[in-house]
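Please keep the sequence and the structure in view while reading.

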Amino acid sequence: MSGNDAFISIENLSKHFGPVKAVDRVDLTIGGGEFFSLLGASGCGKTTLLRMLAGFETPTAGEILIDNVSMADVAPHHRPTNMVFQNYAIFPHLDVRRNIAYGLRVQRLSRRESDRLVDEMLELVKLSGFGERRSDELSGGQRQRVALARALIKRPKVLLLDEPLGALDKKLREEMQIELRALQQSLGITFIFVTHDQEEAMTLSDRVAVMSRGKTLQIAAPKEIYNHPISIEVADFIGQMNFIDAAVTGLEDGHAVLDTACLGRIEAPAAAPFVREGANIVVAIRPENLTLSRERRPDDRNAVQGVIKTAAYLGDRSHFYVSVEGRDKPLVVAAQEGQTSLGQFLEHDTPVWLSWPDEAVILLEAG
Amino acid sequence: MNDAPYIERLNRPLRSYAILFLAFLYIPVLFLPLFSFNDSIYIAFPFKEFTTKWYAQMLALEPMHAALMNSIQVGAATAVFSTILGVFGAKAVTRYRIPGRTPVVFTIMLPLVIPGIIMGVALLILISRLGIPLSLYTVTLGHVLICVPFSMATLMARFEGFDRSMEEAAADLGDNAFWTFWRVTFPIVFPGIFASLLLTFTVSFDEFIMAFFLSGTDPTLPIYIWSQLRFPQKLPSVLALSSVVLVVSFVVVFLSQWLRVRGVAQIPGEGR
Amino acid sequence: MGDAISIATRPEGSGRGLRSRLRVAFLRSEALRGYTLLSPTLIVMAFAMCAPFAILVVMSFWTQHAFEFDTTLTLNNYREVIEAPFFRALMIRSLWISGTCAAVTVLVSYPMAYYVAFHVHRHKLIWIILMTLPFWTSYLLRVFSWKVILGYNGAINSGLKSLGLIEQSLEFLLYSPTAVVITLAHAWAAFAILPIYVSLEKIDRSLLEAAADLGDGPVARFLRVTLPLSLPGVLAASLLIFIPTVGDYITPTLVGGPDGIMIANIIQAHFGKVNDWPMGAAIAICMMISVALISVVYIWVTRKLTERIA
């Protein structure tokens, strides 16, 4: 967490639409100057949460505090937040300059002053010279920048972005991601970014809140979420994951001995309360932490035999689907090009050895 | 009202205004049925006794029957012809890329905006120069003219809302133009056709000004009502007649609008 | 033998000449097929609207003597219309009444359309039908009901009298230009509301949210976003009322009285008692031209204004 702590404080926030709980008792704090993402599939409540921050939906219960001021009876036009809408919401009856200058009206600036600010913004979003154009003369990416400029010109304390890159093609999206991150860091404003694209969230954010069915599943830095997901749902949502059933046969000093369905007997550090002797849990391993070899290597502490069923060549890496005894679904192994001499492995039904380091094992509560 | 988003939250003064507006829109018309039950030939407060004798009197009037029949005949003929023309027109304009589409549609819609007296008078001149006598046929012609725009508007919405690919599928499966129309297009468009028939019938039934200029010796019902307006004794039975006409046309038009919009939502692949 | 083969291998249709070539062209040209389908409608419209207009124009240059028409073209009728102060005054009054009616109706209908577009979430269809329904019913009867209400012994006067609020009937209610404006406004409100409603409904709600987000309160949002974007609908509605009401005949006859007659009454008289058809035609054409001119100016002015605001 960077900057001041608890700049935005969301306490026990809920929003119900009739019987549907769009947002269910969310607790969240966001620091000043942080790039914070709300990540989840459609319908998880992330957009509703964002709209409550902006003031467009009234919470059913709970509190929102921005800079220690309660937003309970503050209308949207008085909040210190500004929003970049998913469809950009560019005013069709105004040109780009007037769109960007729209929010300056309340400040009653002189014509010269507001022109200066607009020029500044146009340059910031690299749209200098586009000032006289209208909405229907702009491409999607250009409209997005106008929406950004329009919001930023007011120097909000918090910028809310509702899936701003969703409508752009992949290449443009990646370019804009880099620009957005750079912009945020140079301006030092808190960005709250809603997306369903986990790669996007992981790339851009200081911290991510993974949401599902109105609740937050895990709130942490991207690296933490990736390597130490706290539940099967989170683990499954981010990246690819192998899940293996296991039973705890022994527990001693924070160290557990597990009997797994297909990886044999393994040991792993275990501090979580759900790891009790006799309990059934789930072991999770990332595909890139599994290594393939022809023979069992003497240094490998953990290894198991398997047979390659299918291989998918993805250019810079390959995915191998390895079937092992004790398990119906094959395990997924991701190998970087050059890591293994793939030539030897491209035949079906090749017997192989899978190995992994101790630290790669993640213990999760059974679902 | 916590559920509605901020932008669309409840606005009490505006709601009161809306209700007042509707009241103001409907109440004046409700005076007619109100006084048709009043036992007095003067339309004034205070209310005297309640009676249905004016209705009985109205039902007995021979000329009224004749005028009613005339209106029904003209209305039915107008409905059929203008709907047929509307179907052709709507299909042509929505299904084919024709050059000059906008001017053509604009021209067909013109009768909606041109004052009735102009069209009545112009048509009267043409007909009399051609030596055609004025009759219910000439009235029907005038009514078809003003009803075609209504029919086209109703049907254009219908045709536009339904996916071309269904007709293409029918053709692909072996139907020629006629069968495609009969087995695919017609059933789907039918609610619109029905709505158009109802609407054009009602418009024709209630229409006064063109009928006034174009009719011969046989009056339509509105013309009959107009002629009775100068006789105070006849006034209450005119009220009774008007009330019946109003109620019937309200119901019929409500039905036609309901059908028109409801059917569109049911077309597969069509939103809103 | 060679000929037989060459005939057998000739492409289909090319040997049958003009008829089949036309057929091919017909099937290929979408425009042609479209217009063929459109033709019955166009023919009827041409016969019932275009031809009559043409002859209306022609007749306006003729003169009538009793039941005979003198078909030598002359501008006499037009001269009389333009020079006689009577026609001009009546024309101005008609335009004035219609203009006022259009303004009043739009002003009164706008909030209603706004309410249904923005604040009705359930049963929207019923609201829409209810607010437009009256227009489809008998115009004559709706005007007549106002005669009943505004009359000397009508509903308002007798009601107020029986309540003891007035002793003498309010005479200005009926048979005046005011009565005409009120009646017309009431009669056309249900028609005008539709274009206004449609243009309001089309406004993207997220534009209003964006405006709020950028600092505008409800009034500013309305003035800066909603109103400009709904102007096309307002423009359409005002024209849709203005143009037909200028030539209205029923309303001035029933509720206008001598002070409230409009140009349509004069036109009708010329085709009736006065029996001077060419004159009637000339007046009608002058009326149409005035309306058309004013409409064009109005459209041009509003376009200029909206460009300035936006």
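Predicted model: local features only at pLDDT ≥ 70, side-chain atom pairs only at ≥ 80, totals over all residues.

## Helix H6 of chain C

In H6(C), the residues Ile128(C), Met131(C), Pro134(C) and Trp136(C) are buried.

## Helix H7 of chain C

Helix H7 of chain C covers residues 139-150, and its 12 residues reach 17 Å from the first C-alpha to the last, close to the 16 Å expected at 1.5 Å a residue. Because 11 of the 12 residues of H7(C) are buried, this helix is largely enclosed by the rest of the structure.

## Ala190(C) and its surroundings

Ala190(C) belongs to helix H9 of chain C, which is made up of residues 177-201. It counts as buried because it has 21 C-beta neighbours inside 10 Å, where the cut-off for a buried residue is 20 or more.

Which residues are in contact with Ala190(C), leaving aside its neighbours within four places in sequence? They are Leu25(B) from chain B, together with Met131(C), Thr132(C), Leu133(C), Pro134(C) and Phe135(C) from chain C. For Phe135(C), which is 55 residues from Ala190(C) along the chain, the separation between the two C-alpha atoms is 5.4 Å.

## The contact between chains C and B

On the side of chain C, 73 residues are in contact with 71 residues of chain B. Helix H3 of chain C, residues 30-59, gives the most to this side, contributing 19 residues. Sorted by class, the side of chain C that touches chain B consists of 51 nonpolar, 16 polar and 6 charged residues.

## The two domains of chain A

Chain A is divided into domain 1, residues 8-236, and domain 2, residues 240-365. The C-alpha centres of these two domains of chain A lie 39 Å apart, and 6 residues of domain 1 are in contact with 7 residues of domain 2. By class, the side of domain 1 of chain A that touches domain 2 has 3 nonpolar, 2 polar and 1 charged residues.

How values were computed. Residues numbered from 1 in each chain as written. Chains lettered and ligands numbered in written order. Contact = placed C-beta atoms within 7 Å. Helix = DSSP H or I, 4+ residues; strand = E, 2+ residues; numbered from the N terminus. Nonpolar A, V, L, I, M, F, W, Y, C, P; charged D, E, K, R; others polar. Domains from an automatic or database assignment. Expected span 1.5 Å × (residues − 1).
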